[in-house]
Amino acid sequence: MVLQSIAFAVIGLAVAAVALVLFADYFPSPRALTVCTAVVSALIGGVVSGYALDDRLPGLALLFSAVSSALLLSVLARPDRAAGHGRHRHA
């Protein structure tokens, strides 16, 4: 379980790094918040899916960890504040 937790944390770091490199303009919040959110959500998603799958499919638990990390990071994304996007909503 310890090795899986380390793998979940590494997956969270990888998801955060990809998000910050590819979509840097979408995350105006501090970088530490983005990285911590990705790591914690990957850990929680991986542990919960590991318990739900009874640790029989660790590859699937790793996939769920990455998906949960990406989904929770999307909550922090602010595409309306991204530079170069001058689209405004009109009421």
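What share of the 91 residues in the protein is buried? I looked this up and found that buried residues make up 26% of them, where buried means under 20% relative accessible area with a 1.4 Å probe and only protein chains considered.

I note that this is a predicted model, in which local features need pLDDT of at least 70 and side-chain atom pairs count only at pLDDT 80 or more, while totals for chains, interfaces and linings use all residues. Residues are numbered from 1 along each chain as its sequence is written, and side-chain values use heavy atoms, with hydrogens and water left out.

For the fold, I found three helices and zero strands, in the order α-α-α from the N terminus, taking helices as DSSP runs of H or I with at least four residues and strands as runs of E with at least two. The C-alpha trace spans about 50 × 25 × 15 Å along its principal axes.

I then examined helix α2 (residues 31-52) and helix α3 (residues 58-76), whose axes come within 7 Å and cross at roughly 140°; these axes are lines fitted to C-alpha atoms over the stretch in contact, with angles running from 0 to 180 degrees between N-to-C directions. The residues making this contact (heavy atoms within 4.5 Å) include Gly 45, Gly 46 and Gly 50 of α2 and Phe 64, Leu 72, Leu 73 and Leu 76 of α3.

Among contacts in the protein with a separation of 6 or more, I recorded that 71% join residues 24 or more positions apart.

Technical notes. Buried means under 20% relative accessible area, exposed over 50%, partly exposed in between (1.4 Å probe, protein chains only).
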